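Work through the exercises below with the sequence and the model open. Each task is followed by a solution in steps.

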Amino acid sequence: MAILFKDGCFKLDTKNTTYSFKVADYGYVMHEYYGKTISDIDLGYINPIVKRSYAASVKEDWYMYFRISDVGQEYSAYGIADFRATALRIKHADGSRAADLRYFSHEIISGAMDIPGLPHATENGYDGIETLKLVLKDAATDVFVNIYYTVFEQTDVIARFNEIENKTDNSVFVEKAASLQLDMNSADYDFIQLSGAWAKERHINRNPLATGMQGFTVRRGTSSHQHSPFFSVCAKNADETNGDAFGFHLVYSGNHKTEIEVDQYGTARILSGIGDEGFSWEVKTGDKFTTPQALMTYSSSGLGQMSRNFHKFITRHIFRPKWKNVRRPLLINNWEATYFDFNYEKLVALAESAGKLGIELLVMDVGWFGKREDDTTSLGDWVVNTEKLPGGLKRLAEGVNEKGLKFGIWMEPEMISEDSDLYRAHPDWVLSIPGRAKSIGRNQYILDLVNEDAKQFVLDTICSVLDSANIEYLKWDMNRYLTEAYSATLGKENQGEVYHRYMLAVYDILNTVITRFPKLLIEHCSGGGGRFDTGMLYYSPQIWTSDDTDAAERIEIQRGTSLGFPITSMGSHVSAVPNHQTGRVTPLDTRAEVAYSGTFGYELDINALTEEEQAEVKQQCAFYKENYELINKGEYYRLAHEPGVFSSWCFASEDKKEILLFCVQLEAGANDANRFVKIPAADKNMRYVEEETNQTYFGDTLNNIGICIPYEFGERVAFSRRFKAEK
Ligand code: DGJ
């Protein structure tokens with residue numbers, strides 16, 4: 001049983017973790033523990049309540065010991081006596097902002113919860129899943145908070161979300177509703193966040209927690225290039241194999257906020273949820289507001305295991321069942337190969353040579369519709385340019401299919417160019433504030449998807465494009481952030497809902513598209529990895545990781561991304577040299593070795609390669625297919641790494657009998673020392689043969705000494721090694 005309840009104490013157990021809380025004095029629900037499995041249920045003796053001066057209490061008992069400003073809570077609210085950052089802020093009809101949340105009831109439900117309209121973790125055929133519904137009630141009104149904790153026993157993940165339910169006679173306005181709160185009785189941790197910019201996404205930033213506030217807020221309307229909604233809190237000495245590591249995801253693709261407040265007693269409160277700046281959601285009588293879901297995991301053996309917990313969990317419970325175990329096609333995208341300069345002949349010729357080398361899907365990027373010959377025009381006019389593509393998408397798809405490849409297409413459906421027939425017909429469909437200038441980004445505006453007509457147009461357009469030919473893949477791009485988030489379709493009291501309603505509309509469209517086209521594979525993209533989150537991964541298992549295709553820089557981006565996301569979710573392509581983002585020249589085999597650790601593909605003009613290079617590409621495609629199972633279903637380990645100098649990582653089969661190691665030496669120095677790469681993935685009780693050399697190693701030798709990587713001449717040199725357990 002994953003969930004236990006005894007004498008007012010709740011204990012949520014996964015295979016290796018325990019999460020516990022209790023109904024304490026006056027019905028307040030106190031958080032007690034999250035970490036490695038323990039046996040005790042009531043931990044009251046571990047978290048004694050200390051009487052502190054200058055605290056406050058809403059109870060008449062002035063001498064009461066229980067002061068909510070000083071104890072860990074499961075879900076805190078603004079406006080009463082908790083002086084820390086709080087999870088919930090609601091405005092009542094009388095203008096007051098307060099909630100005094102006490103235990104009301106609970107229920108244990110078998111399986112996971114459906115969250116209509118929002119991406120969420122599902123059972124997907126796995127067992128060992130239970131949900132606790134904990135109901136809290138505002139002591140002064142009939143506002144309820146239903147917290148759903150779903151315990152995924154096998155994968156060591158707990159998912160949670162909240163409903164704010166209004167049973168009063170008037171509307172209430174939810175101004176903040178975090179998805180996750182975790183009060184920790186120590187702040188002796190590091191905080192890891194994945195931050196960056198366009199072409200620099202998800203670099204690892206690690207800092208010790210400090211007294212006061214820390215965290216990140218995203219106000220761009222997408223999960224953004226700047227701050228991933230994934231983060232970790234870990235022991236100061238935690239590394240890849242040792243130490244406490246907590247990992248968190250917000251399953252959401254819009255504005256988000258993570259706060260960690262370290263108080264005067266050295267405790268830390270972690271909050272994560274929808275960004276609350278400007279947010280205000282009206283909950284009418286009888287209605288409820290549902291927060292996005294948050295995920296949390298814990299590993300007592302470092303960041304590596306924390307990542308692997310999420311890799312397995314996301315693959316099993318966030319990806320659609322269809323994509324859980326299916327090999328996804330090896331693709332070529334024409335963006336960096338041709339940019340806007342292509343036509344039918346060029347694309348079919350690209351497909352023909354790609355097919356001969358083992359590539360399975362051609363993705364036609366932007367430039368196929370309207371007058372879009374650069375990025376100034378035609379978004380919204382999703383009508384094929386028959387000068388470039390006579391016979392339209394149908395003929396092109398047939399041409400590509402005849403060469404033995406599947407056909408995929410690019411769209412940026414949420415956008416509108418000022419120079420478009422759509423804008424001329426519906427200038428009112430743009431997200432904008434009447435009387436104010438509209439900010440423009442990359443020469444484009446955003447469609448107001450809160451407007452049902454605009455939303456329906458987007459849905460109909462996508463469906464008619466997909467219906468028009470044998471299109472098996474859609475690259476769904478989104479190349480600017482939301483600004484002036486105001487919708488003329490909502491009243492003045494409800495403008496604080498626009499960002500979230502926009503996201504709900506995108507999710508709704510995606511849901512309809514994947515239901516209508518169940519075989520369609522979508523790759524999400526937002527100027528590279530600007531919407532790389534578990535919300536998007538619910539609708540499609542892969543996202544273009546970054547517009548930076550430089551292999552040397554990709555190592556950092558993919559390593560950072562791997563902290564929270566599975567390898568199979570990262571679109572990763574071999575591109576031309578000199579690289580289009582950096583000008584760097586990296587050998588072809590190194591470019592491939594980096595790209596293998598993702599959804600592998602190419603983004604260059606195959607026909608511009610020499611015969612030798614084409615032969616190498618053919619070998620690479622064969623290598624990837626041969627190792628697909630190990631890379632995509634195996635467990636991923638980050639190994640020795642020195643930014644900009646050397647990096648290594650490996651994949652191990654679940655039974656540890658096979659290991660595939662990759663190393664890249666980025667920089668060379670004269671007379672450098674050899675390196676040793678330890679391989680914790682090896683089973684200490686097995687003996688392995690290194691296939692390339694026939695050298696044998698005991699697993700514990702690989703764990704503790706590792707293999708010697710001799711100093712190589714030259715920069716950006718890469719190699720792989722495969723180890724197999726002896727029979
Ligand atoms: C941004 C994407 O990340 C690129 O791959 C490409 O599709 C361009 N948009 C096209 O405008």
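**Exercise 1.** Which side chain of opposite charge is nearest to Arg-480, and how many Å away is it?

*Solution.* Before starting, note that this is a predicted model, in which local features need pLDDT of at least 70 and side-chain atom pairs count only at pLDDT 80 or more, while totals for chains, interfaces and linings use all residues. Residues are numbered from 1 along each chain as its sequence is written, and side-chain values use heavy atoms, with hydrogens and water left out.

Step 1: locate the residue. Arg-480 sits in the loop between strand S26 (473-476) and helix H8 (498-516). Helices (H or I, at least four residues) and strands (E, at least two) are DSSP runs, numbered from the N terminus.

Step 2: look for the charge partner. The nearest side chain of opposite charge is that of Glu-484, 5.0 Å away. Lys and Arg count as positive and Asp and Glu as negative; His and the chain ends are not counted. Arg-480 has no salt bridge, although it is buried. A salt bridge is a side-chain nitrogen of Lys or Arg within 4 Å of a carboxyl oxygen of Asp or Glu. Buried means under 20% relative accessible area, exposed over 50%, and partly exposed in between (1.4 Å probe, protein chains only).

Step 3: list the polar neighbours. The side chain of Arg-480 makes a polar contact with the side chain of Thr-483 at 2.7 Å. A polar atom of the Arg-480 side chain also lies 2.9 Å from the backbone oxygen of Ser-439. A polar contact is a pair of N or O atoms within 3.5 Å; within protein, one must be able to donate a hydrogen and the other to accept it, and residues adjacent in sequence count only if both atoms are side-chain atoms.

**Exercise 2.** In what order do the 6 strands of the open sheet lie, and which are its edge strands?

*Solution.* Step 1: the order is S31-S32-S33-S38-S35-S36, with antiparallel pairing. Two strands pair if DSSP finds at least two bridges between them.

Step 2: strand S31 (635-642) and strand S36 (696-698) each pair on one side only, and are the edge strands.

Step 3: follow the bridges. S31 and S32 are joined by 6 bridges, with Cys-650 in S32 as the partner of Tyr-637. S32 and S33 pair over 7 bridges, and Phe-646 has Gln-665 in S33 as its partner. Strand S35 (residues 687-690) is joined to S36 by 3 bridges, one partner pair being Arg-687 and Phe-698.

**Exercise 3.** Why is S32 largely enclosed by the rest of the structure?

*Solution.* Step 1: count burial. S32 is largely enclosed because 7 of its 7 residues are buried.

Step 2: sort the side chains. Phe-646, Ser-648, Cys-650 and Ala-652 point one way, Ser-647, Trp-649 and Phe-651 the other way, and all are buried.

**Exercise 4.** Ser-378 and Asn-671 have positive phi values. Is each buried or exposed?

*Solution.* Step 1: most residues other than glycine have a negative phi. Phi of Ser-378 is near 80°, and phi of Asn-671 is near 55°.

Step 2: Ser-378 has 2% relative accessibility and therefore counts as buried. Asn-671, at 73%, counts as exposed.
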